[in-house]
Amino acid sequence: MDRSENKYEYKGSLSTADTDIPVTEPERQYFFMGKVKEIIEEKVQELGRPLTFHVTTFGCQMNARDSEKLRGILLKCGYTESDSEDADLVLYNTCTVRENADNKVFGRLGVLHGYKKKNPYMMIGLCGCMAQEDVVIEKLKKSYPFVDIVFGTHNVYMLAEILLERLTSEKKVIDVRQKADRIVENLPLERKYSFKSGINIMFGCNNFCSYCIVPYVRGRERSREPEAIISEIKRLVADGVKEVMLLGQNVNSYGKNLENPVSFAELLRMVNDIDGLDRIRFMTSHPKDLSDDLIDAMAECDKVCNHLHLPLQSGSDRLLKDMNRHYTKEQYLTLVDKIRERIPDIALTTDIIVGYPGETDEDFEETMDVVNRVQYDSAFTFIYSKRSGTPAAKRDDQIPEDVIKARFDRLLSTVRSIGEKKAEALTGQTLPVLVEEINKQDQSLVTGRLTNNSVVHLKGDSSLIGQIIDVHLDECKGFYYLGSKV
Ligand code: 5AD
Ligand code: SF4
């Protein structure tokens, strides 16, 4: 793009040699937000309309939380949020855990290009996990030159700085870091829901499961200091938040590498002591690190929700070993028994991969056996996706598609029928529901969740949103309930 095409030429004074650019964070980023705001406000004056942005999130809860940070920064920069991707700045916060996630993003970038051709002020950004992959960067450079800014998972906090560079130069900016140098606290943040929030307790993953790309794109494990987590939650509660979701790729190894180590069980107890908070969820637990102390903490902490997500991946010892999961089928089943003994009515959910390289019929039957024995309340089932750079991708015993499809369908139907049976068992009970939103299909209904994470629809209006109310579960419709307020 040549200079004449840059519609945001900056007329103020800014040079990288500026001595007034703070060197410490987050002050430095607030400085850049102020500078971007000057440019945006000037443009708004000139055009006589707001400059809009839209952040589209792909993937997991971590990305959803990062998007709240991106939105917070953009609002501080003077942009106005839009519901539509036909906006002046669109950011794709991407996921790369499975290949179809990548393909979806590339397809949609083409659509954005169409908007950009009609709007000379439009900028397009791509960030998140895909940006950490060299192959993606090469492809963007070669085939998607209309993308203006690219940054990775380690420098989300630098959005304003990157944006300023783009706005004041004719070049697009690609700023992807291989390592996370720090955790920057106290940046602006715009929550999607007023009454619930995700909280990062740690970043990255050290486990290197053989199929998984996450450790390569999210880096090594880094835990936040407990004090920072607790004070963030206290601020959220003061702002109306009733439910928090503590986020990490492997929350059970939280705090091990802090200067003063703190366990996840200890953190859970500290969070449980926060006045005014009603519900605590967390995601994700690795079975190998789930301690007895954590089971005790879950049983004792009244605010911890009645739900545990415990990814199985496979029921075959041979595959579990190859996957580098560090537990056997029997160890997993023993853990489930221990949890259920202590918390009998806990809802258990899981992740399962079908079609991992070398998976035999016998291996798959082992997975089915665990599913039948554990009786999960629900399960996310994934078809194995080859991620380049991971050990499993190098194997030459990849499974044919038709075999995978048959196994996948069988697993899904078993998971569904067990889930329905489990859900049915709660019908007729009266349980607390946190009301989250107006039902998308039927405006006379609101939708909320039980502590076990099941969805409930009931008659009601927007005044109920954010409230925890007792609801009679009138009818089970498979994966959700129809209920009525009591
Ligand atoms: N193929 C399929 N599923 C995967 N997951 C992670 N990597 C892959 C892959 N390459 C699944 C795992 C994990 C969940 C978040 O995504 O089940 O728990
Ligand atoms: Fe991936 Fe395993 Fe880390 Fe989960 S624990 S993010 S599956 S490497």
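View 1. Thr153 is buried, at a relative accessible area of 12%. This is a predicted model, as are all the close-ups that follow. Thr153 sits in the loop that runs between strand S5 (149-151) and helix H5 (159-167). A polar atom of the Thr153 side chain is 2.7 Å from the backbone oxygen of Val217.

**View 2. The shell around ligand 1.**

**View 3. Polar contacts to ligand 1.** Here we zoom in on individual atoms. Gln313 brings a polar side-chain atom to 2.6 Å from an oxygen atom of ligand 1. Arg98 also uses its side chain, with a polar atom 2.9 Å from an oxygen atom of ligand 1. With Tyr211 it's the backbone that takes part: one of its N or O atoms lies 3.0 Å from a nitrogen atom of ligand 1. How much of ligand 1 does the protein bury? On its own, ligand 1 exposes 400 Å², and the protein buries 85% of that.

**View 4. Gln313 and its backbone.** Gln313 belongs to the loop between strand S12 (307-309) and helix H10 (317-322). Its relative accessibility is 7%, so Gln313 counts as buried. Phi of Gln313 is positive, near 75 degrees, and the residue isn't a glycine. For context, most residues other than glycine have a negative phi.

**View 5. The shell around ligand 2.** Ligand 2 has its own set of neighbours: Cys205, Asn207, Phe208, Cys209, Tyr211, Cys212, Val214, Pro215, Gln249, His286 and Arg325. Seven of these shell residues are nonpolar, three are polar and one is charged.

**View 6. Phe208 and its ring partner.** Searching the whole structure turns up 12 aromatic pairs. In one of them, the ring centres of Phe208 and Tyr216 are 5.3 Å apart and the ring planes meet at 80 degrees, so the pair counts as edge-to-face. Buried or exposed, or something in between, for these two? Phe208 is partly exposed at 27% relative accessibility, and Tyr216 is partly exposed at 37%.

**View 7. A tilted tyrosine pair.** The rings of Tyr327 and Tyr332 have centres 5.9 Å apart and planes at 40 degrees, so this pair is classed as tilted. Tyr327 is buried, with a relative accessibility of 7%. Tyr332 is buried as well, at 1%.

**View 8. A ring cluster, and lysines over rings.** Phe106, Tyr144 and Phe146 are linked into a cluster by ring pairs. Over the ring of Phe106 sits the charged end of Lys139, 4.1 Å from the ring centre. What sits over the ring of Tyr193? There it's the charged end of Lys196, at 4.8 Å from the centre of the Tyr193 ring.

**View 9. Two cis peptide bonds.** Glu25 and Pro26 are joined by a cis bond, with omega near 10 degrees. Pro26 is part of the segment before helix H1 (27-47). The bond between Met283 and Thr284 is also cis, and its omega is about 5 degrees. Where is Thr284? You'll find Thr284 in the loop between strand S11 (279-283) and helix H9 (292-300).

Definitions and conventions
Residues are numbered from 1 along each chain as its sequence is written. Chains are lettered from A and ligands numbered from 1 in the order in which they are written. This is a predicted model: local features need pLDDT of at least 70, side-chain atom pairs count only at pLDDT 80 or more; totals for chains, interfaces and linings use all residues. Side-chain values use heavy atoms; hydrogens and water are left out. A residue is near a molecule or strand if one of its heavy atoms lies within 4 Å of it. Ala, Val, Leu, Ile, Met, Phe, Trp, Tyr, Cys and Pro count as nonpolar, Asp, Glu, Lys and Arg as charged, and the others, Gly among them, as polar. A polar contact is a pair of N or O atoms within 3.5 Å; within protein, one must be able to donate a hydrogen and the other to accept it, and residues adjacent in sequence count only if both atoms are side-chain atoms. Accessible areas come from the Shrake-Rupley method with a 1.4 Å probe; for residues, only the protein chains shown count as cover. Rings of Phe, Tyr and Trp (its six-membered ring) pair if their centres lie within 6.5 Å; planes under 30 degrees apart count as stacked, over 60 as edge-to-face and the rest as tilted. Buried means under 20% relative accessible area, exposed over 50%, partly exposed in between (1.4 Å probe, protein chains only). A charge sits over a ring if NZ of Lys or CZ of Arg is within 6 Å of the ring centre and within 35 degrees of the ring normal. Helices (H or I, at least four residues) and strands (E, at least two) are DSSP runs, numbered from the N terminus.
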